Amino acid sequence: MSLLEAVGLTVDVGAKTLVRDLGFALGEGEMLGLIGPNGAGKTTVVKAIVQLMAHRGEIRLQGRPLSQMSARERARLVAYLSQDDRLQWPISVFDLVALGRHPYRGSWWRGGGAPSAEDLAVIEEALRATDVTGLRDRRADELSGGERARARLARVLAVQAPLLLADEPVAALDPMHQLRVMELLRAHCNGGAAVIVVMHDLTLASRFCDRLLLLDSGAAVAAGTVSEVLTAENLERVYGIRAVTGEHEQQRYIIPWTCSAR
Amino acid sequence: MEQRPALPVSLILLAMLVTLSIASLMFGYAPLTLGEVIGGLLGTGPEEHQLIVQQIRLPRVVLAWLLGMALGASGAALQGLLRNPLAEPGLLGISASAGLGAVLTLYFGVTAVSLWALPASAMAFALVATLALYALTRAGSSNLTLILAGVALSSLAGALTSLALNLAPNPADVQDIVLWLLGSISDRSFADVQLCLPFVLIGLALLLAGGRALDVLALGEAEASSLGVNLPRLRGLIITGTALSVGACVSVTGAIGFVGLVVPHMLRRFVAYRPGALLLPSALGGAVLVLAADITLRLIGTPKELMLGVVTALVGAPFFLALVLRARRDML
């Protein structure tokens with residue numbers, strides 16, 4: 001049985017259909033790359049899974065509809081890293097990562113004010129895995145872009161959810177941090193979690209994802225392995241580009257080269 | 001890291017609050033010694049001291065606590081909810097709206113029917129104002145939108161209050177209302193305290209219950225929601241808590257501004273900038289500020305006693321200006 005299954009997923013906002021009749025499944029330890037041009041509906045799909053957007057169709061996690069779970073239960077099963085990395089208050093990196101344990105904390109009137117020993121262990125492990133232990137007391141708003149990306153990743157890892165959704169986690173990062181964040185997500189997958197990652201970089205997508213789902217105008221254009229999805233025809237039809245492709249160490253690279261006339 | 005960052009600063013503020021409360025019972029037109037205050041409180045001293053302490057100064061101290069806690073906590077909570085350090089009940093027109101509600105009941109003489117009409121009307125108007133503000137600012141609220149919405153709301157409430165005063169048939173009533181609107185906690189009795197006490201306490205409980213969720217909201221509404229924060233419930237808690245506590249206070253003390261802006265701002269660094277942990281210290285700090293201001297205006301001995309609202313505005317407005325100047329770059 002798949003960990004996550006979406007059937008007939010449709011999202012309407014007003015009279016506009018943002019996602020149309022989408023179906024996909026994802027197993028444990030799998031990384032799915034959600035790709036497509038701007039406005040294709042990638043973020044909408046992710047938001048629908050986290051129940052941030054009303055939708056039709058059904059999304060099941062471990063066989064149970066996500067829409068019928070309590071917020072707290074869902075929060076323990078689905079971790080979500082949004083595109084928006086602004087933080088209003090200059091809290092410390094440790095406090096930022098500790099927020100990932102929110103779904104496990106008891107109510108304050110039952111003495112759930114402070115994180116438990118288990119929470120603390122999970123937080124430490126997340127800090128270590130993303131290599132931000134040394135930044136734990138730094139103000140999260142004063143980090144560099146790459147450091148902040150790792151701290152935010154530690155925050156979602158601390159949720160310890162079987163499904164992790166990351167919306168453009170490598171946009172605006174330098175090449176080293178792009179690779180580093182993708183490696184961290186891959187390692188998380190190898191630990192048994194399933195990951196859905198929204199991306200624009202096709203080379204990174206094909207290197208790190210097990211499967212790709214190519215969206216255009218809210219509908220799936222292609223789904224499957226890298227070679228099935230990233231064909232020259234699809235790139236031209238969906239993205240309107242011609243790309244240079246090749247192989248290095250048995251892995252595909254795709255470099256967008258020219259815009260094709262649409 | 002500090003697991004309970006609010007604890008040390010809260011204890012210090014509590015100690016200050018107790019000290020200032022005792023000082024507030026001692027100072028005034030007829031200064032009393034500590035022994036005379038204790039005698040007056042316990043009812044063992046001369047009748048005159050009992051009267052001064054129990055009937056005149058104690059209600060004033062209790063009101064200062066209630067008012068300061070309501071303003072401090074609601075300021076901190078609104079800042080956390082709107083993710084905006086400039087949110088404050090006075091600046092955003094919530095106090096002015098509550099004032100309008102109170103003036104209308106006085107104007108139409110509804111208070112003759114039931115005393116509770118006064119706080120009820122003030123709270124209802126505060127609630128409408130807070131809801132309106134929230135509706136105006138929730139979608140990607142910039143500082144600018146928020147402040148403009150507050151200015152609009154304050155102006156509207158002020159204009160309607162002026163209209164009521166303009167049309168008031170009796171000039172003596174007008175003077176009473178104008179003086180009351182300036183904001184003060186002097187010459188209040190325990191009957192006044194009773195009128196606002198239950199609502200302030202309920203309001204404070206609602207605000208404090210939102211603390212944990214406010215911490216998570218630092219991540220933004222989307223990620224907070226993904227972590228199980230029930231946003232509609234959180235909004236309900238804070239909007240209702242603000243309306244109850246601020247509305248009830250305003251109906252007794254008049255509108256007193258800037259406490260909710262100044263106090264959270266000064267205390268934020270002591271709770272590691274966590275918006276939820278800021279609530280309790282802000283409540284205590286608000287009470288400290290109101291008490292200190294109230295004692296100061298009695299001590300400086302102007303020919304006519306200054307009104308508390310005037311003093312907080314004189315201190316708070318320049319503070320607000322400084323805050324704006326500092327935040328100028330990312331504000332506009």
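**View 1. A nonpolar surface patch on chain B covers about 790 Å².** The residues making it are B:L7, B:L11, B:L14, B:V18, B:I22, B:L34, B:I38, B:L41 and B:L42. Two elements of chain B give two or more residues each, namely α1 (6-26) and α2 (34-42), and α1(B) has the largest share with five residues. For the record, patch residues have over 30% relative accessible area and no salt bridge, with nonpolar side chains (Val, Leu, Ile, Met, Phe, Trp, Tyr) joined within 5 Å and like charges within 9 Å. Areas are Shrake-Rupley with a 1.4 Å probe, and for residues only the protein chains shown count as cover. Helices (H or I, at least four residues) and strands (E, at least two) are DSSP runs, numbered from the N terminus.

This is a predicted model, so local features need pLDDT of at least 70 and side-chain atom pairs count only at pLDDT 80 or more, while totals for chains, interfaces and linings use all residues. Residues are numbered from 1 along each chain as its sequence is written, chains are lettered from A and ligands numbered from 1 in the order written, and side-chain values use heavy atoms, leaving out hydrogens and water.

**View 2. Zooming in on B:I38, in helix α2 of chain B.** Buried or exposed, or partly exposed? B:I38 comes out partly exposed, because its relative accessible area is 41% (buried is under 20%, exposed over 50%, partly exposed in between).

**View 3. A salt bridge links B:E223 to A:R152.** Their closest N and O atoms sit 2.6 Å apart; the cut-off is a Lys or Arg side-chain nitrogen within 4 Å of an Asp or Glu carboxyl oxygen. Between the two chains the count is three salt bridges.

**View 4. A:V78 lies in strand β6 (residues 78-81) of chain A.** A:V78 counts as buried because its relative accessibility is 1%. Leaving aside residues up to four places away in sequence, A:V78 touches A:L61, A:L66, A:A161, A:L163, A:L165 and, from chain B, B:S226.

Methods: Buried means under 20% relative accessible area, exposed over 50%, partly exposed in between (1.4 Å probe, protein chains only). Contact means heavy atoms within 4.5 Å.
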